[in-house]
Amino acid sequence: MALYVEARIHADLDTLWERTQDPAEHQRWDLRFTEIAYLPSAPGEPRRFRYAVRLLPFLTVAGTGVSAGERHRAGGDRVSALRFASPDPLSLLAVGSGYWRYVQGQDGVRFLTAYDYQPRWGRLGRVADRVLFRPLMGWATAWSFDRLRLWCENGVPPERARTRWLLELGARLLLAGVPFTTTLLPLGALSLAAVPLTVLGLLAALCLPPAPGTPAARRCLRTAPGRSRTPRLLATLEQP
């Protein structure tokens with residue numbers, strides 16, 4: 001799998017399972033989706049679902065998927081797998097698959113995901129995916145996992161966590177921008193002195209750690225610590 005994200009969450013496993021498997025809960029914390037809803041499925045069959053992502057107020061791309069989960073496994077761990085596809089020509093993502101693992105430990109739950117997808121739009125799409133879209137998807141996944149962690153550990157609702165992140169982002173942009181504006185003044189002592197202040201402002205904006213209650217992708221592991229084993233459950237799912 002090309003993308004990997006892992007978070008250590010100190011929470012009850014049942015709570016974590018509910019907030020990741022219930023579509024209404026899932027769409028609250030996952031930045032990658034605006035809407036997730038189950039479609040009618042026969043009892044005992046994998047669950048089919050529809051997802052949508054609002055790119056702009058007037059532009060939404062959608063797709064469908066199929067998922068299945070194993071809640072009771074040897075050792076107490078859990079796993080869920082899914083396949084998804086979007087027929088929308090505006091969606092760079094064509095088809096994909098992935099899984100979540102819930103590994104119970106003494107110091108919390110290792111909640112991890114690995115997934116991959118095929119981009120569309122030919123060579124242009126592959127370049128756009130490598131340069132922009134795939135790094136953005138990795139960041140969005142990690143940021144969302146940390147937002148979920150804050151919800152499960154500290155009771156911070158996802159909506160409040162998003163507001164905190166936006167406020168902190170604005171403060172960082174202000175910190176980086178104010179010294180820069182002084183360099184635009186007529187050349188003089190103040191302008192010359194503002195150059196190192198601009199550098200310091202940019203470094204502070206980039207390097208200051210996030211507040212404890214603010215989601216941050218940097219808190220998540222982005223590389224698998226060992227060989228990532230795909231669950232057999234994924235092979236039982238057909239492409240939607």
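Ring pairs join Trp17, Trp29, Trp100, Tyr102, Phe111 and Phe145 into a cluster. Here rings of Phe, Tyr and Trp (its six-membered ring) pair if their centres lie within 6.5 Å, with planes under 30 degrees apart counted as stacked, over 60 as edge-to-face and the rest as tilted. The model is predicted, and local features need pLDDT of at least 70, side-chain atom pairs count only at pLDDT 80 or more, and totals for chains, interfaces and linings use all residues. Residues are numbered from 1 along each chain as its sequence is written, and side-chain values use heavy atoms, with hydrogens and water left out.

By the ring rule, the count comes to twelve aromatic pairs. Trp17 and Tyr102 form a tilted pair, 5.0 Å centre to centre with 50 degrees between the planes. Trp17 lies in helix α1 (residues 13–21) and Tyr102 in strand β6 (residues 93–105), so this pair ties together parts that are 85 residues apart in sequence. Helices (H or I, at least four residues) and strands (E, at least two) are DSSP runs, numbered from the N terminus. Trp17 is buried, with a relative accessible area of 8%, and Tyr102 is buried at 0%. Buried means under 20% relative accessible area, exposed over 50% and partly exposed in between (1.4 Å probe, protein chains only).

Phe33 and Tyr51 form an edge-to-face pair, with 5.8 Å between centres and 80 degrees between the planes. Phe33 lies in the loop between α2 (23–29) and β2 (35–39) and Tyr51 in strand β3 (residues 47–56), so the pair ties together parts 18 residues apart in sequence. Tyr51 is buried, with a relative accessible area of 8%.

Arg78 lies over the face of Trp17, at 5.5 Å from the ring centre, and Arg19 over the face of Trp151, at 4.1 Å. The criterion is NZ of Lys or CZ of Arg within 6 Å of the ring centre and within 35 degrees of the ring normal.

The largest pocket has a volume of about 940 Å³. A pocket is an open set of points on a 1 Å grid over the protein atoms alone, where a 1.4 Å probe fits, with protein on both sides within 12 Å along at least five of seven lines; lining residues have an atom within 4 Å of a point. Of the 41 lining residues, Arg32, Phe33, Tyr51, Val53 and Met137 are the closest to the pocket centre. Helix α3 (residues 122–154) gives the largest share of the lining, seven residues. α3 is followed by Gly155, whose phi is positive, near 75 degrees.

Methods: Grid points are joined across faces, edges and corners, and a volume is the space filled by probe spheres set on the points.
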